[in-house]
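Hi everyone, thanks for coming.

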Amino acid sequence: MSEIGTEARPLRVAVVGSGPSGFYAADALLKSKTEVHVNLFDRLPCPFGLVRFGVAPDHPKIKSVTRVYEKTAARPGFSFLGNVNVGRDISVEELREFHDAVIFTVGAETDRRLNIPGEDLAGSHTATEFVAWYNGHPDYRDRNFDLSQRVAVVIGQGNVAADVARILGKTVDELKNTDIAAGALQALAESQVEEVYMIGRRGPAQAAFTEPEIKELGEMADCEIDILDADLDLNPASAAELEDSANSRNLANVNVLRSYAARSRRETRRSLRVRFFQSPVELGGDSRVERMVLETNELIGDPGAQKARGTGTRETLACGLVFRSVGYGGVAIPGVPFDEGRGVFRNEAGRVTDTSGDPVAGLYCSGWIKRGPSGVIGTNRPDSVETVGNLLADLPRLQPCPTPSTDSVLDLLCKRNVRAVSYADWRKIDAAEVERGSAAGKPREKFTSVAEMLAVLT
Ligand code: NAP
């Protein structure tokens, strides 16, 4: 039996990544019967990951989940070490010198590719870039999106695509009292985009967005949604899918789309054209995107397993701006086995495994880097509870770390000129952002560079 997990020698866990799954993992550990100290690391000085940089600024209710995370941060045994990049400032091997176990909750930081010619032309962007830019992520603050274009195309029909389409479609008045980054608001205020396409490869019955999100797209002040009647003619397999009560979410989507097709159209400055059964096969243009070639698809396969297959019929859509929103993927960290195909850490119910499927002692994962980019924020709670349950079950077999001290971690970081940001530090940055925002009627005005955040602490 190892002695760790007692009052004399609490279990020491490093949680890497302070988004929802990181906070839920910390919470599950700190609420357990085991004596635990959690060091929650983030490469940025600010916590909350996707809640701060992924959730759309006009979704403040979803963001209010941070109040729950604040309660976790207030629990005894919790430390935040922001502004520390694991893999660069401190290696995984070094982390293990100071912690008995490491849980990776680093999310899915990259976008899946379409793998079509012209994908990397100027004017073709990933949804990640755009979302992170309007949310004030320091890595993306200087991105430029040519909003002088008249036609923008969003590829994909998940909730991220819906967010991107909505931010492009909304007026400044609809966004100005949110926590959208000031630079993005300014750029969007000057946007010349008049037509936004949101294109899906399958049909309305298979669309990945959810009912509240498709409803919001029909409620924009000066952007009318446009649906083709023909897209709503369902094939027998899709009709069968909608009869299955397990697909009530899809039925709700189809009903909303039908109501849009049936209602009279408003005259608006912008239009959102939601199109189905089309895949981009090529982006063209001399030095930047000028057009997209789309192939019409048909659905093949049994109900519940229908796939899009190209029919050979093609059309060209003139457009100057493209956002690819076809799902995210994880990024490998040196020292942690990675499944390239799925874009996740190799794992079994949160226990990181090697290529032969055997658990790697002391390494765990949770959230999108464990299961892939799916579900809503709350989905990460049970996911992290499962991982933590397995970690605690492994306690008798965990190798105690040689240096069980957070001060030693901080010393090492200090020697490397890394200014670790504590939770108390973050509270100061937070207060400064809220104060900046209040003048502009915003819940906060985010600092969009690490230097600005750290300047609050000097
Ligand atoms: P997603 O829900 O998986 O949607 C991905 C979309 O990309 C689907 O429409 C998919 O179509 C399409 N796609 C994939 N590969 C494609 C290809 N090669 N060509 C054309 N289309 C392709 O992913 P997401 O939108 O990135 O969202 C990630 C997760 O975050 C989801 O669970 C989402 O619900 C969640 N989220 C929630 C909210 C919210 O609650 N408001 C906001 C944002 C994100 P197929 O269906 O045909 O594969």
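Around the ligand there are 19 residues, and the closest include Gln-157, Arg-201, Arg-202, Glu-213 and Gly-375; a residue is near a molecule if one of its heavy atoms lies within 4 Å of it. Please keep in mind that this is a predicted model, where local features need pLDDT of at least 70, side-chain atom pairs count only at pLDDT 80 or more, and totals for chains, interfaces and linings use all residues. Residues are numbered from 1 along each chain as its sequence is written, and side-chain values use heavy atoms, with hydrogens and water left out.

What classes make up the shell around the ligand? There are seven nonpolar, eight polar and four charged residues. Here Ala, Val, Leu, Ile, Met, Phe, Trp, Tyr, Cys and Pro count as nonpolar, Asp, Glu, Lys and Arg as charged, and the others, Gly among them, as polar.

Helix 7 (residues 159-169) gives the most to this shell, three residues; helices are DSSP runs of H or I with at least four residues, numbered from the N terminus. Domain 1 (11-109 + 329-421) and domain 2 (113-326) each supply at least three shell residues, with bounds from an automatic or database domain assignment.

Now the ligand's oxygen atoms. For Val-160, a backbone N or O atom lies 3.1 Å from an oxygen atom of the ligand. The ligand taken alone exposes 920 Å², and the protein buries 80% of that (Shrake-Rupley method, 1.4 Å probe).

On to salt bridges: the count comes to 44, each being a side-chain nitrogen of Lys or Arg within 4 Å of a carboxyl oxygen of Asp or Glu. Take Asp-27 and Arg-381, whose closest N and O atoms are 3.9 Å apart. This pair links helix 1 (residues 20-31) to helix 14 (residues 380-393), 354 residues apart. Is Asp-27 buried or exposed? Asp-27 counts as buried because its relative accessibility is 8%, while Arg-381, at 33%, is partly exposed. Buried means under 20% relative accessible area, exposed over 50%, and partly exposed in between (1.4 Å probe, protein chains only).

Lastly, Glu-433 and Arg-444 meet in a salt bridge at 2.7 Å, N to O. Glu-433 is buried at 0% relative accessibility, and Arg-444 is buried at 19%.

Conventions. Helices (H or I, at least four residues) and strands (E, at least two) are DSSP runs, numbered from the N terminus. A polar contact is a pair of N or O atoms within 3.5 Å; within protein, one must be able to donate a hydrogen and the other to accept it, and residues adjacent in sequence count only if both atoms are side-chain atoms.
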